[in-house]
Amino acid sequence: MSHIIAPSVLSADFSNLEKDIKMLDKSQAEWIHFDVMDGVFVPNISFGFPILKATRKHTSKFIDVHLMMVNPEKYIEQFKNAGADGISVHYEGNIHILSILNQIRACGAKAGLVLNPATPISVIKDIIHSIDTLLIMSVNPGFGGQKFIPNTINRIKEAKEIIKKTGAKTIIEVDGGVGPSNAKEVIDAGADVLVAGSAVFNTENPSETISRLKNIS
Ligand code: DX5
Ligand code: ZN
């Protein structure tokens, strides 16, 4: 499978969200990444249901919701109903992570597990068949525009190895500091989905940047 580009709405222009979402809808991006931050799990607050519903109105693309919040299990169905196609929850802080992953699948969304940079990749071993998307954070979550942590490359390779060995169908997504300068290295290490916020929206022509990222081989 050729890699998927998932631009992050976090870097979009909220004074004209419709324009940016329609641009993404026409672009070569297959997914739209949607970062929910609650100011508790991460030191920043972003957006929630109303913005997700507004995004859904203007695109038929796969909306990939990344929940950076405490007690995500309380809101899974609500995010699905607001337009999420995939919902990813962090391993960190969620004691009953397998139940939450099952809950996501049960409501009809793709189940994603997110790992922060300090969490060992090996935690996926026993639950790999319940993970549709493994989201490997390449920055500490909370803000767009941070620098890619180089050790992520080793982590992607380690995850790929586990997925291969177990025969799981899990795809690998990488989030944080990804752009034209490091996309090839990230893809070569085994990433299937590249999230890009500032690298897409802070350019003259975001749609062209998406095509550039998509056409890297
Ligand atoms: C960070 C978020 C990212 C963010 C990426 O906590 O999870 O999805 O939007 O932004 P860039 O691509 O600018 O690092
Ligand atoms: Zn994210």
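Is K125 buried, partly exposed or exposed? In this predicted model, K125 counts as partly exposed, at 48% relative accessibility. The legends below begin with the ligand and then turn to individual residues.

View 1. The ligand is surrounded by 20 residues. The closest of these are D35, G142, D175, G197 and S198.

View 2. The greatest contribution comes from β2, which supplies three residues.

**View 3. Oxygen atoms of ligand 1 beside S8, D175 and G177.** A polar atom in the side chain of S8 is found 2.8 Å from an oxygen atom of ligand 1. In the side chain of D175, an N or O atom lies 2.7 Å from an oxygen atom of the ligand. At G177 the backbone is involved: one of its polar backbone atoms is 2.8 Å from an oxygen atom of ligand 1. Taken alone, ligand 1 exposes 380 Å², and the protein buries 100% of that area.

**View 4. H90 and its two polar side-chain contacts.** H90 belongs to strand β4, which comprises residues 86-90. With a relative accessible area of 1%, H90 is buried, because buried means under 20%. Which side chains does the side chain of H90 contact? One partner is the side chain of H66, at 3.0 Å. The other contact named here is with the side chain of N116, at 3.4 Å.

**View 5. I87, a buried residue of strand β4.** I87 is placed in strand β4. Its relative accessible area is 0%, so I87 is classed as buried, the limit being under 20%. How far apart in space are I87 and N205, C-alpha to C-alpha? The distance is 29 Å, and the two residues are 118 residues apart in sequence.

**View 6. A159 within helix α5.** A159 forms part of helix α5. A relative accessible area of 0% makes A159 a buried residue. From C-alpha to C-alpha, A159 and E92 are 17 Å apart in space, while 67 residues separate them in sequence.

**View 7. K125 in the loop between β5 and β6.** K125 is found in the loop between β5 (110-115) and β6 (133-137). At 48% relative accessibility, K125 falls between the limits of 20% and 50% and therefore counts as partly exposed. The C-alpha atom of K125 is separated by 24 Å from that of F41, and these residues are 84 residues apart along the chain.

**View 8. N71 in the loop between β3 and α3.** This loop, which contains N71, lies between β3 and α3 (76-82). What is the phi of N71, which is not a glycine? The angle is positive, at about 50 degrees. N71 has 37% relative accessibility and therefore counts as partly exposed, a class that lies between 20% and 50%.

**View 9. P150 in the loop between β6 and α5.** P150 is located in the loop between β6 and α5 (152-166). Its relative accessibility is 59%, so P150 counts as exposed, for which the value must be over 50%. The C-alpha atoms of P150 and L213 are 19 Å apart, and the two residues are 63 residues apart along the chain.

Note on methods:
Residues are numbered from 1 along each chain as its sequence is written. Chains are lettered from A and ligands numbered from 1 in the order in which they are written. This is a predicted model: local features need pLDDT of at least 70, side-chain atom pairs count only at pLDDT 80 or more; totals for chains, interfaces and linings use all residues. Side-chain values use heavy atoms; hydrogens and water are left out. A residue is near a molecule or strand if one of its heavy atoms lies within 4 Å of it. A polar contact is a pair of N or O atoms within 3.5 Å; within protein, one must be able to donate a hydrogen and the other to accept it, and residues adjacent in sequence count only if both atoms are side-chain atoms. Accessible areas come from the Shrake-Rupley method with a 1.4 Å probe; for residues, only the protein chains shown count as cover. Helices (H or I, at least four residues) and strands (E, at least two) are DSSP runs, numbered from the N terminus. Buried means under 20% relative accessible area, exposed over 50%, partly exposed in between (1.4 Å probe, protein chains only).
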